Amino acid sequence: MTDERPVLVATEADDLTADMVISELNRRHVPVTRFNPADIGTALTVSARFGCCPAPVAGQLRTPSRTVDLVQVRSVYWRRPVWPAFGHLGADDARFAAVQVRYGLGGTLYALDGPLWLNHPLRNAAADYKPNQLAVAQRLGLTVPPTLVTNDPDEARAFVASHDQVIFKTLRWTPYQRDGVPVTGWADPVAVAEIDESVSLVPHLFQAVVDKAADLRVLVVGREVFAVRIESGMLDWRKDYSALSYRVVDLPDRVEKVLLAYLDHFGLVSGSFDFAVDKADDLWWLELNPNGQWGWLEESTGLAMSAAFAELLTQGVAHDRHRR
């Protein structure tokens, strides 16, 4: 008997990575409803009831082509959704409307107890703090580069002076423009002379540079682990994807178990981990992206990453601590 329970895919309009997973779900004849929170009021409607039905949450999510019974949702792929900004409204009204959508639409979806979330957005948010990531990595036995988070310029100067090379990294990526031009925060070298009193305004993350031979990106999906060694010769390989070469590698069993334990710690089903590989082939923890990009790696290596996502979403179950 065919399982007609749908998979919800929450993402922006142009998302090639989501397209890859949806294509795999289509091949499995799994019903899919794709939506973007930014479409609320035009191409998205939610209606939910509480306290008046056998199910704690009952209702529908509707797009122009699909109507989803919330009780029947099999799994939710929370990919790259965009929340509405209501730019046509005044500042106060826009702020009010945006909050109502987050807590109305978001709150209704978060209340669903049946589906597998990949990943639950509240879990993603909790795992997205770099200082906490660093501490958890060390507690689990991973090697962490010396790192300082501070808004004290003197502390920052002393730290930079005490290491051969130090980089500055943003604590979280945020949309940013200078003179109308988008600016991306790379991992950039920083010198003592560059640190001025403006550091005192907000915490900054400074990290000692690993004398690396390569980088390692590890994608974990459920209990499947995909590890790709990235050769670039660059301090930050994201600056030029055309200069990269890739090699599929096997992780040591100990590291694989630690990464699974890491996801368990945060209640995540999936995550993208970044390491620096030094010249002795030792791994240095850099960060976790709970919802990282991976589509280009599948295209470059042939690894069945999208199939792993589709299989997990189709099954709608994972390790117990991953459910919500």
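How many disulfides does the count come to by the rule I used, which takes a pair of cysteine sulfur atoms within 2.5 Å? The count comes to zero. Cysteine 52 is in no disulfide, and its nearest cysteine sulfur, that of cysteine 53, is 3.7 Å away. From the side of cysteine 53, the closest cysteine sulfur is the one in cysteine 52, at 3.7 Å, and that is too far for a bond. Cysteine 53 counts as partly exposed because its relative accessibility is 29%; buried means under 20% relative accessible area, exposed over 50%, and partly exposed in between, with a 1.4 Å probe and protein chains only.

Before going on, a word on what we are looking at, everyone. This is a predicted model, where local features need pLDDT of at least 70 and side-chain atom pairs count only at pLDDT 80 or more, while totals for chains, interfaces and linings use all residues. Residues are numbered from 1 along each chain as its sequence is written, and side-chain values use heavy atoms, with hydrogens and water left out.

Now the overall picture. The chain has eight helices and 18 strands, taken as DSSP runs numbered from the N terminus (helices H or I, at least four residues; strands E, at least two). Its radius of gyration is 22 Å, close to the 20 Å from the globule rule for 324 residues, so the chain is as compact as a globular protein of that length. That radius is taken over C-alpha atoms, and the globule rule is 2.2 Å times the number of residues to the power 0.38. Along the principal axes, the C-alpha trace spans about 65 × 50 × 35 Å. Of the 324 residues, 46% are buried. Contacts here mean heavy atoms within 4.5 Å; among those between residues at least 6 apart in sequence, 66% join residues at least 24 apart.

Let's go inside. In soluble globular proteins, nonpolar side chains tend to be buried together. I call a set of buried Ala, Val, Leu, Ile, Met, Phe, Trp, Tyr and Cys residues a nonpolar core if they are joined through side-chain atoms within 4.5 Å. The largest such core has 30 residues, and Leu25, Tyr77, Trp294, Met305 and Phe309 have the most contacts inside it. Elements giving two or more residues to this core include β1 (7-11), α1 (16-27) and β14 (212-221). Helix α8 supplies the largest share, six residues. A second, separate core has 26 residues, including Leu134, Ala137, Leu251 and Phe275.

Leaving out residues up to four places away in sequence, Phe309 touches Val21, Tyr77, Leu118, Leu219, Val221, Ser270 and Trp294. Phe309 is buried, at a relative accessible area of 2%, and Trp294 is buried too, at 1%.

That brings us to the rings. Rings of Phe, Tyr and Trp (its six-membered ring) pair if their centres lie within 6.5 Å; planes under 30 degrees apart are stacked, over 60 edge-to-face, and the rest tilted. The count comes to 15 aromatic pairs. Tyrosine 110 and tryptophan 117 have ring centres 6.0 Å apart and planes at 65°, so they are edge-to-face. Tryptophan 117 is buried at 0% relative accessibility. Tryptophan 294 and phenylalanine 309 are stacked, 4.8 Å centre to centre with 10° between planes. Trp294 sits in the loop between β18 (283-289) and α7, and Phe309 in helix α8, so this pair ties together parts 15 residues apart in sequence. Finally, ring pairs link Tyr262, Phe266, Phe273, Phe275 and Trp285 into a cluster.

Technical notes
Disulfide = S-S within 2.5 Å.
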